[in-house]
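Q: I have a model open on my screen and would like to learn how to read it. Can we go through it feature by feature?

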Amino acid sequence: MSGSTNRPFFVGVDVGGTNIKAGVCDSAGRALAQDSVPTESARGIDAGVANIAAVARAVVEEAGVSWDDVPAVGLVTPGPMDIPGGRLLETSNLPAWNNQPVRDLVATATGKPVAFENDANAAAYGEFWSGAGKDHDSLVYWTLGTGIGCGIILDDVVIRGAHSHGSECGHIIIDCNDKRRHPGTHQLGTLEAYAGARGLVNRCREKLAGGKPSSVRHALKTPGSELTPKLIAEHAAIGDPVCEEVVLETAEYMAVGCVTLMHTVDPEAILFGGAMTFGREEAPLGRLFLERVKTVIKQRAFPACADNTEIAFATLGGDAGFVGAAGIARRLSIAAA
């Protein structure tokens, strides 16, 4: 097998409410095989753990490597979680898994030591290990979507915090005056309340209600249509002023979050991933978004940070979670050696 000298191999498993994605990486972070299966969360944690074990063995077989050459498995799930205890706490998309010893159950099912991590932290580590951050010693990774996830890596250390809530930077406060409320936590003025998918849609809806002309009004007259980040991005890409305005506002809010972290941990790079990256560098809107982030950072950050921090899109896409999970499995294996 090409690259087989990069033993040992590590399995990473990224669990979501709908699907479980697993992959095998070699010791250099190169993905060799991947697959996904339904989570079947309604069937409970025992079924989920069985699915995890099955897909882990399946991708190892697909990669053409021996299960004996896999010293550890990495497991990542959505938060909140108790990472040292190996448990999820109060997740909305895996309620039957709450307060269950998922890490130890997966270890028993696979017969391997299991490293357990938050999904955003793992994606950050994936980019750090073999993605856009591989040439840096530290980074901040934002994942933009329904929520605003974040991971911080400093000198190969994942910032988890004393209560497994470190790097939850989507919940930093960016406005102490406005009453924009996070729909889940009910916190006021958070970055996610402004810049997450719901915040994007709410801000666009408010501008439309204020009478601003927009091509999206006509699109919303189509039966069954609804205002979504995808629709907003499509109209922003063709120059609709309202949609472009809310996208660029999102960039400005994210820049404020970036500056806060630049002045806290001073990373070498800040990366943007997730579903709401507006086509990334391949699309004019994505490039416009990133340029606005950089412009606001220049205006607000210390010059040494603004001039020397790389601001870019992440490169691993949807693979970042399982690659990062494999990476934390590798760290567990090294620590145990």
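A: A nonpolar core is a set of buried Ala, Val, Leu, Ile, Met, Phe, Trp, Tyr and Cys residues joined through side-chain atoms within 4.5 Å. Buried means under 20% relative accessible area, exposed means over 50%, and partly exposed is in between (1.4 Å probe, protein chains only). This is a predicted model, so local features need pLDDT of at least 70 and side-chain atom pairs count only at pLDDT 80 or more, while totals for chains, interfaces and linings use all residues. Residues are numbered from 1 along each chain as its sequence is written, and side-chain values use heavy atoms, with hydrogens and water left out.

Q: Which residues touch the most other members of the largest nonpolar core?
A: Trp 142, Ile 232, Met 254, Phe 272, Phe 289 and Ile 297 do, in a core of 48 residues. Helix α8 gives the most to this core, with 11 residues. Another core, of 30 residues, lies apart from it and includes Val 15 and Leu 75.

Q: What angle do α8 and α9 make where they pack?
A: Helices (H or I, at least four residues) and strands (E, at least two) are DSSP runs, numbered from the N terminus. Axes are lines fitted to C-alpha atoms, for helices over the stretch in contact, and angles run from 0 to 180 degrees between N-to-C directions. Here α8 (residues 241-265) and α9 (residues 284-300) pack at about 45°, with axes 8 Å apart. Angles under 35 degrees count as roughly parallel, over 145 as roughly antiparallel, 65 to 115 as roughly perpendicular and the rest as oblique, so α8 and α9 are oblique to each other.

Q: How many disulfides are there?
A: A disulfide is a covalent bond between the sulfur atoms of two cysteines. The rule here is a pair of cysteine sulfur atoms within 2.5 Å, and the count comes to 0. For Cys 150, the closest cysteine sulfur is in Cys 169, at 3.9 Å, which is too far for a bond. For Cys 243, the closest is in Cys 204, at 4.4 Å, again too far. Cys 150 is buried at 4% relative accessible area, and Cys 243 is buried at 0%.

Q: Is Ala 337 buried or exposed?
A: Ala 337 counts as exposed because its relative accessibility is 87%. You'll find Ala 337 in the segment after α11 (320-336).

Q: Where is Ile 174 found?
A: Look in the loop between β10 (157-158) and α4 (191-195). Ile 174 is partly exposed, at 22% relative accessible area.
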